[in-house]
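This briefing concerns the structure displayed below.

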Amino acid sequence: ANTTHLQNNRKIRSKNMSYQVIKGIGFVLMNSFFSDIEVEGKENIPTEGPVIFAGAHPNALIDPALLLLHCNRHIKILAKDQLFRLPVMKQILLGLGAVPVYRPKDPANASSEASSVHKDNSEMFKAVWEALSNEDAIAIFPEGTTEMVSHLRKIKTGIARISLGFNKEVKNKSIPPLRIVPVGLNYTNRNRFRSQVLVTFGEPIVVGDEWKDRYEQNEWETVEQLTNVVQSSLEALTINAPDWLTLKVIVTAKNLFRSDSQDRSLSKDIMVTRRFANGYQKLLKSLKNSDDPNKMREYLEIIQLQSDLGDYQHQLDMMGITDHEVDIKSKAKKPLSDHLLHNFVLWPIAIMGLIFNLPIPVASKVLGSRIARGEIVEQATYKLAAAAASFIVTYGIIFSFVSYYYGFLMGFLALFFLVVSGVAATTVRPFNTSMKMIKSLYTVVPSDLRKERKELKERVLRMTEKYSEFAEEK
């Protein structure tokens, strides 16, 4: 009995160690890929009791990695069973204690062989309910898959069936009620290296006795109701536009609206964009359905503003500049020498870091894009995987070379320098910064464009003041 107890303790320690190691590697990768990861709403995360984190799913395997790093709970992730068929991914998922989910609609599960192995998800429900009974945390992405769309898609009912089923089956009445924590994930550019991401934990949905009573009276109707509650909670934490063109115009309007703001935080930026998107759609619907001639004129004014904003953004795209660059052209700029002098400590280290670490971004861009083979939604995942593999190979070769000729101590010092210079390179980004400074020396913004920007900004400000009630968040 003692031997069995010791063996079980070793297994638990081994699993915890694997979990922490994978989490540590994920921390390095995520903070290397993204220039800024903002997290808000951590006060909404229950410190104890059973929890289900319900995350938006715009960026494939990047989403669970970010949730894993920032939820402050030891979580088990529900992952599609196909991922467990990939040797490397299987070991990572097992190390995280992930639970496989069988999805009949997946192409690989359409065969009779797959169907005979996975007849249903009863084992998944059993594993999840057991974890929740132990007051653990589960992570689910109820959209199911990642798609290149500009809005949150209709979520699946699985999260509601798991939650209500647990409420019905739980034997230990002393544990706290189950809570579902919605998680919004908003990326400035989901596939671009050194972009930004905002992780938002929303107010928990308590699945208590009231939901249990409803479920006992009408199971399917209650599942639909809880699914709709989770859907609404996720929509309140994400940016939702009908299409990418509309979203691009909304972002342009937001940039003009916030150009003088002192608060440049990503969370504020996302919040304003979300309110603009929601308000715009509600306003158009309200005006379009009215028989009042005045309302129709207002509707046409907004459509014209949308068109003018689109034309303005098209001009910026053609010139290869941003609205911010048009704005600062009229302001005094430091000469190139001042920029270099200000960064004289970091720049030499950053340049060396760029040279020695060059294989990593090259592999990320070239190999990641080739492996993705046009799958835009998977690009960030493949880029990150290619960068990780290149990191191991590059650092391994340099460490081996230096250690062989100069000893292990010098090898470890070389690794330390590689890491420090690499961090400096990702912070300063000497190549990008140099290109921007050189570009600023010859880029001339037409006075007509600055005048057009000023007029558009005034129109946007008037519209937002006039229709502010449509952008209010409940």
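**Structural briefing**

K254 is buried, with a relative accessible area of 5%; buried means under 20% relative accessible area, exposed over 50%, and partly exposed in between, with a 1.4 Å probe and protein chains only. The model is predicted: local features need pLDDT of at least 70, side-chain atom pairs count only at pLDDT 80 or more, and totals for chains, interfaces and linings use all residues. Residues are numbered from 1 along each chain as its sequence is written, and side-chain values use heavy atoms, with hydrogens and water left out.

**Overall composition**

- The chain contains 19 helices and eight strands; helices (H or I, at least four residues) and strands (E, at least two) are DSSP runs numbered from the N terminus.
- The chain has 474 residues, of which 43% count as buried.
- Its accessible surface is about 26,600 Å², and carbon and sulfur atoms hold 59% of that area; accessible areas come from the Shrake-Rupley method with a 1.4 Å probe, and for residues only the protein chains shown count as cover.
- Among contacts in the chain with a separation of 6 or more, 75% are between residues 24 or more positions apart; a contact means heavy atoms within 4.5 Å.

**Salt bridges**

- A salt bridge is a side-chain nitrogen of Lys or Arg within 4 Å of a carboxyl oxygen of Asp or Glu, and by this rule the count comes to 13 salt bridges.
- Side chains of opposite charge can pair when their charged atoms come close.
- The side chains of K254 and D269 form a salt bridge, at 2.8 Å from N to O. K254 lies in helix α9 and D269 in helix α10 (residues 266-288), so this pair ties together parts that are 15 residues apart in sequence.
- D317 and K248 form a salt bridge whose closest N and O atoms are 2.7 Å apart. This pair links distant parts of the chain, with D317 in helix α11 (residues 293-319) and K248 in helix α9 (residues 244-257), 69 residues apart.
- K168 and E219 form a salt bridge, the closest N and O atoms being 3.3 Å apart. K168 belongs to helix α6 (residues 158-169) and E219 to helix α8 (residues 219-235), so the pair ties together parts that are 51 residues apart in sequence.
- K168 is partly exposed at 41% relative accessibility, and E219 is partly exposed at 39%.
- A network of salt bridges links E143, E147 and R153.

**Nonpolar surface patch**

- A nonpolar patch on the surface is formed by F401, Y404, Y405, Y406, L409, M410 and L413, which together have about 900 Å² of accessible area. The elements that give two or more residues to this patch are α16 (379-406) and α17 (408-428).
- Patches are made of residues with over 30% relative accessible area and no salt bridge; like charges are joined within 9 Å, and nonpolar side chains (Val, Leu, Ile, Met, Phe, Trp, Tyr) within 5 Å.
- Helix α16 gives the most to the nonpolar patch, with four residues.
- Y404 is found in helix α16, and Y404 is exposed, with a relative accessible area of 66%.

**Strand pairing**

- Two strands pair if DSSP finds at least two bridges between them.
- Strand β3 (residues 75-80) and strand β5 (residues 137-140) run parallel and are joined by three bridges; I77 stands opposite A139 in β5.
- Strand β3 also pairs in the parallel sense with strand β4 (residues 99-101), over three bridges; here K80 stands opposite V101 in β4.
- A right-handed β-α-β unit is made by β3, helix α3 (residues 87-95) and β4. A crossover is right-handed if, with the strands pointing away from the viewer, the path from the first strand over the helix to the second runs clockwise.

**Individual positions**

- T157 is located in the loop between β5 and α6 and counts as buried at 19% relative accessibility.
- Not counting residues up to four places away in sequence, T157 touches W220, V223, E224 and T227.
- G310 has its place in helix α11 and counts as partly exposed at 26% relative accessibility.
- G310 and I250 are 60 residues apart in sequence, and their C-alpha atoms are 9.3 Å apart in space.
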